[in-house]
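The following exercises concern one protein chain. Each task is followed by a worked solution.

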Amino acid sequence: MSSSATRLRSEADAAKADAAAKNAKIAELQKALNDCMNKPAAAVVKQEKANLQPSVIFKQGKSVVERSQEANLELIAKYMQNNKDAKIKISGYASPEGSKELNQKLSEKRAEACKTILVKKYKIAADRLQTEGLGATDKLFDEVEFNRVALFNDVTK
């Protein structure tokens, strides 16, 4: 065999090996694609709760709902009247000033104050409202005084 024939045979063998490697990669990618296509559809996760936008802001150290904040409670009441199956969790918070114990009690009283108004003034059934006091936080809002708040979440959504 001549050297040019040997060289051509060597180039052909290299091309066959290269083609075989590329065919193996194509087969691997085709299998991965088929696996993805045959995968069951992802389950839709139902959101556990829906944050309602109105919030009630309190003065420092107070748990009385100011007259200026009552419009926000009215919005929550209208939401509940329009959504007869809705159940709301009212979460009370306090800003970081004061002791941990004081802020915990204050946050609980704030949530309860909102519940009381919704029940007494707007005739919302008490068993549709649950309250929780979450104590002091500086994580909700950049402005510390905005953390003196009650937030509302629809836990039926």
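**Exercise 1.** Which side chain meets that of Lys121 in a salt bridge, and what is the N to O distance?

*Solution.* The model is predicted: local features require pLDDT of at least 70 and side-chain atom pairs pLDDT 80 or more, while totals for chains, interfaces and linings use all residues. Residues are numbered from 1 along each chain as its sequence is written, and side-chain values use heavy atoms, with hydrogens and water left out.

Step 1. A salt bridge is a side-chain nitrogen of Lys or Arg within 4 Å of a carboxyl oxygen of Asp or Glu. The partner of Lys121 is Glu70, at 3.0 Å from N to O.

Step 2. Lys121 lies in the loop between helix 3 (100-120) and strand 3 (129-136) and Glu70 in helix 2 (residues 70-82), so the bridge ties together parts that are 51 residues apart in sequence. Helices (H or I, at least four residues) and strands (E, at least two) are DSSP runs, numbered from the N terminus.

Step 3. Lys121 has 48% relative accessibility and counts as partly exposed. Buried means under 20% relative accessible area, exposed over 50%, and partly exposed in between (1.4 Å probe, protein chains only).

**Exercise 2.** Where do Lys78 and Glu74 lie?

*Solution.* Step 1. Both residues belong to helix 2, four residues apart, which is about one turn of the helix.

**Exercise 3.** What joins the side chains of Lys89 and Glu132?

*Solution.* Step 1. A salt bridge does, at 3.9 Å from N to O.

Step 1. Lys89 lies in strand 2 (residues 88-94) and Glu132 in strand 3, so parts 43 residues apart in sequence are tied together.

Step 2. A search of the whole structure gives five salt bridges.

**Exercise 4.** Which residues touch the most other members of the largest nonpolar core?

*Solution.* Step 1. A nonpolar core is a set of buried Ala, Val, Leu, Ile, Met, Phe, Trp, Tyr and Cys residues joined through side-chain atoms within 4.5 Å. Of the 22 residues in the largest one, these are Ile90, Cys114, Leu118 and Phe152.

Step 1. Two or more residues each come from strand 1 (50-57), helix 2, strand 2, helix 3 and strand 4 (149-154).

Step 2. Not counting residues up to four places away in sequence, Cys114 touches (heavy atoms within 4.5 Å) several residues, among them Val56, Leu73 and Ala150.
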